[in-house]
Amino acid sequence: MSKQKQAQLRKSVSVFAKSDTRTSIIQLINSILPFFLLWFLAYQSLSVSIWLSLAVSVVAAGFVVRIFIIFHDCTHMSFFKNAKANRIVGTITGIITHFAFEKWKRAHAIHHATSSNLDKRGTGDVWVMTVDEYANASFWGRLAYRLYRNPIIMFGLGPAYLFLISNRFNRKGPKRKERWNTYLINVSILAIYGLLIWAIGWQAFLVVQLPILFVAGAAGIWLFYVQHQFEDSYFENEDEWDYVKAAVDGSSYYKLPKVIEWITGSIGYHHVHHLSPRVPNYHLEKAHESTPPLHKATTITLLTSLQSLRFRLYDEKSKSFVSFKEFKQMDNEKKLMQQLKSSRTSLQK
């Protein structure tokens, strides 16, 4: 795609980078109120059956994901026209979703500015090693990476790490606003937890809240993971990296059933979001449908997205992801070729 066509593509999508106050308020109402209602119902259901309570908690977790999308839009300053309104709503939704607004806002901005850039990995993204990096890594480096990419750890322990550690502590050297925003959200969460435990008891509180956090956290990690981890995803070094290609070719269109699309705030249109982060979630689908070049983005479904679980390493030569099994085969072939070359050299001597 030429630079002129890229500029035209960004211009076409930027038309949708306008928030609508009425739509935003309606989305707040139909996301936050149902969550509170479902939380209460999950608690009330404990008197009937713990399994019924768990089922309600799973539905409530879906609304936490939806609230997170609102939080996410606020970090991009795209949910409201007013920056202060975005910060206030972002902080409130940060309390509900257990994410530090200012801290995540900074890290996520870096993610957008460096997505698919092999030379600028490490902030706000999923850890990806290339085939060569993994081949040259130490035993402990490989072990750490394999553990990190293990689905049980990533989606099982990942939510606990996010909610209890990553989101609770400031990075080194944060600005005052970022540091105090994290403190405010942490104190607010503790106060709400304390009040609920006092009102209903710690056992009932944990039975309701833990499934909500776990399911919402696992779903959020999955969405973030799968939309950049597909077989022919775009990755380049700094000198070849291109923002538009990283957005359109390095982010997928996750085609989800309409109910799930609504719950996830249309974040499946991830290629649109990366191309123009100021487009609020409720305009993403319209932006995609109105821009024919975006229809060529890699489309994945619930079924095909499961394949991403075996994509572990990025091969710079083939420009695609490979599994650990495929890496082992490649490594064995490489060693065999080196042995044959060495033997040939010895015979020639």
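Trainee: How many cavities of 30 Å³ or more does a search of the whole structure find?

Mentor: Rolling a probe the size of a water molecule over the atoms shows where empty space is left. Here the search finds 1 cavity of 30 Å³ or more (on a 1 Å grid over the protein atoms alone, points where a 1.4 Å probe fits but cannot get out). The model is predicted: local features need pLDDT of at least 70 and side-chain atom pairs pLDDT 80 or more, while totals for chains, interfaces and linings use all residues. Residues are numbered from 1 along each chain as its sequence is written, and side-chain values use heavy atoms, without hydrogens or water.

Trainee: How much space lies in the largest cavity, and which residues are closest to its centre?

Mentor: The largest cavity holds about 150 Å³, the space filled by probe spheres set on grid points joined across faces, edges and corners. It is lined by 13 residues, of which Ser116, Asp125, Val126, His228 and Phe235 are the closest to its centre (lining residues have an atom within 4 Å of a point). By class, 4 of the lining residues are nonpolar, 7 polar and 2 charged (nonpolar: Ala, Val, Leu, Ile, Met, Phe, Trp, Tyr, Cys, Pro; charged: Asp, Glu, Lys, Arg; polar: the others, including Gly).

Trainee: What volume does the largest pocket have?

Mentor: Its volume is about 1,200 Å³; a pocket is an open set of points with protein on both sides within 12 Å along at least five of seven lines. Of its 38 lining residues, Trp104, Gly124, Asp125, Leu162 and Ser166 are the closest to the centre. The lining of this pocket comprises 20 nonpolar, 13 polar and 5 charged residues.

Trainee: Which helix supplies the largest share of that lining?

Mentor: Helix 8 does, with 7 residues. At least two residues each come from helix 3 (50–75), helix 5 (101–114), helix 8 (151–166) and helix 10 (202–226). Helices (H or I, at least four residues) and strands (E, at least two) are DSSP runs, numbered from the N terminus.

Trainee: How many salt bridges does the count come to?

Mentor: The count comes to 8 salt bridges, each being a side-chain nitrogen of Lys or Arg within 4 Å of a carboxyl oxygen of Asp or Glu. In one of them, Arg171 and Glu178 meet at 2.9 Å, N to O.

Trainee: Is Glu178 buried or exposed?

Mentor: Glu178 counts as buried because its relative accessible area is 6%, whereas Arg171, at 26%, is partly exposed. Buried means under 20%, exposed over 50%, and partly exposed in between (1.4 Å probe, protein chains only).

Trainee: Which residue forms a salt bridge with Glu236?

Mentor: Lys319 is its partner, with the closest N and O atoms 3.1 Å apart. This pair links distant parts of the chain, 83 residues apart: Glu236 lies in the loop between helix 10 and helix 11 (243–248), and Lys319 in the loop between strand 4 (313–315) and strand 5 (320–322). Glu236 is buried at 17% relative accessibility, while Lys319 is partly exposed at 37%.

Trainee: Where do Lys258 and Glu285 lie?

Mentor: Their closest N and O atoms are 2.9 Å apart in a salt bridge. The pair links helix 12 (residues 258–263), which holds Lys258, with helix 14 (residues 284–289), which holds Glu285, across 27 residues. Lys258 is exposed at 53% relative accessible area, and Glu285 is partly exposed at 28%. Shared partners join Lys258, Glu261 and Glu285 into one network of salt bridges.

Trainee: Why is Leu33 classed as exposed?

Mentor: Leu33 is so classed because its relative accessible area is 53%. Leu33 belongs to helix 2 (residues 21–44).
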